[in-house]
Amino acid sequence: MTEQSVVDTGTGYGRKAPSYDARLTETGPGTPMGEAMRRYWQPIATSAALTSDVPHRTRVLGEDLIVFRDGRGRPGVVFERCAHRGASLFYGRVEEDGIRCCYHGWKFDVQGHCLEQAGEPGRGRRLGAARQPWYPVEERYGLVFVYMGPPERKPVLPRYDVLEPQEEGEKYYAEWPVPGMNVTGLVQNFNWLQIYENAIDPAHINWLHSQHSGFQFLGTGTTGFPEDFYDPYTVADRLSYERTDYGAKYRIRFLDKEENGVRPEREWGAELHVPNILVLSDFVKLVPDAPGDMLLWVVPVDDTHHRSFFSLRTTDPDRFNRFFLGVKQNGKDAWELTEEEHQRFPGDAEAQESQGPITLHSEETLATTDRGVVMLRRLLKNIVADVEAGRDPQGVSLTEVPPRHTQSGMETLSVPTTVPPAAPTAVPVAGA
């Protein structure tokens, strides 16, 4: 008689087809998140790198656009496809008052008005019949911003206390030193939400950037965080999350490096402003109780790509290097790694890109340290619901308001006056 074998459980057989949350991840025209994103100004280029030399091709929220600066210094954003016969304005010529298509010489200004139709009688007798689709732009903090939403709901371009006022000797650093990406932003090949959720997931620092791949933040143990800051087994008790006026923030408590015989208790925090802004501070050279000094935007290109933009205000040229080069993998910059090193010493890019072009939310198992991710998703769903209901979403104002208060960096909680005495050592009882 043959015994029946034990039936295996938990196998992959028969599972439902995995899926992602389209309301959060898809950002093309007409999608819920796409319409919400279009209620906010988005960075599209860096001011200094956008010259009147040539136009630049880009893609934002699923739309193919051209960004250029005319000979008068005015930035412009227009559709890539020429309103005449559809040739790409990427091959156009920038002139004093606009951009001229390579195909038939029609010229448009920064608001899409047709200025000339070369080859037509009188250089164009019905110029008003052709209008190149365009979007409003403004410049601030070293960046060019575009508004792609309904004209009647165009908000004011927000100001941030972390970036102003610009004091004497300060400058804005906003340009990635990456060939081909210094004008229109740093591109990565996965959905925008994966990198944005990473910013409200500090628990990954206590494993990925330390226990798994070795200490990856420069300054660890010296100018940066102490090594026990990264303890993954105590992080759940040291983490807290809260909503703010513009989004959400996390705080992580820790004992800082010894000062005058004591270890001050401090907390590190970073804030997110919905829908796609991160407020950051220097994590390589920590300065207690100093204000933050930079913002970073995660701008969807389409559903499976995104661009990153930043603005950093400082008098210290090395501050930019600490931001751009402050995370190492096996002691190297990411572009120096071999394939084996990418596998053995992964960082943020490897982890997030490995989630797939769009991560499959139906396959997740969320836990305690995912509270920040859950909070962020709820906030994003709220702004989508606001737009669908005809309301202006969180953080949008149609009138001028004071600069936004931002929250990031390291704050001192308490400083012991003396070193606590060591716990007494247990003495064996005689005869035991």
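Let's start with Asp70 and Arg74, whose side chains meet in a salt bridge, 2.7 Å from N to O. By salt bridge I mean a side-chain nitrogen of Lys or Arg within 4 Å of a carboxyl oxygen of Asp or Glu. Is Asp70 buried or exposed? Asp70 counts as buried, at 1% relative accessibility, while Arg74, at 31%, counts as partly exposed. Here, buried means under 20% relative accessible area, exposed means over 50%, and partly exposed is in between, with a 1.4 Å probe and protein chains only.

Before we go on, a word about the model: it is predicted, so local features need pLDDT of at least 70 and side-chain atom pairs count only at pLDDT 80 or more, while totals for chains, interfaces and linings use all residues. Residues are numbered from 1 along each chain as its sequence is written, and side-chain values use heavy atoms, leaving out hydrogens and water.

Now please find Arg69. Arg69 forms a salt bridge with Glu139, with the closest N and O atoms 3.0 Å apart. This pair links distant parts of the chain, 70 residues apart: Arg69 sits in strand β3 (residues 63–69) and Glu139 in strand β10 (residues 137–140). Helices (H or I, at least four residues) and strands (E, at least two) are DSSP runs, numbered from the N terminus. Arg69 is buried at 10% relative accessibility, and Glu139 is partly exposed at 35%.

Let's finish with the nonpolar cores. A nonpolar core is a set of buried Ala, Val, Leu, Ile, Met, Phe, Trp, Tyr and Cys residues joined through side-chain atoms within 4.5 Å. The largest one has 83 residues, and those with the most contacts inside it include Ile44 and Trp268. Helix α9 (residues 371–388) gives the most to this core, with eight residues. The core draws at least three residues from each of domain 1 (41–143) and domain 2 (155–412); the domain bounds come from an automatic or database assignment. Apart from it lies another core of 14 residues, among them Phe68 and Trp106.
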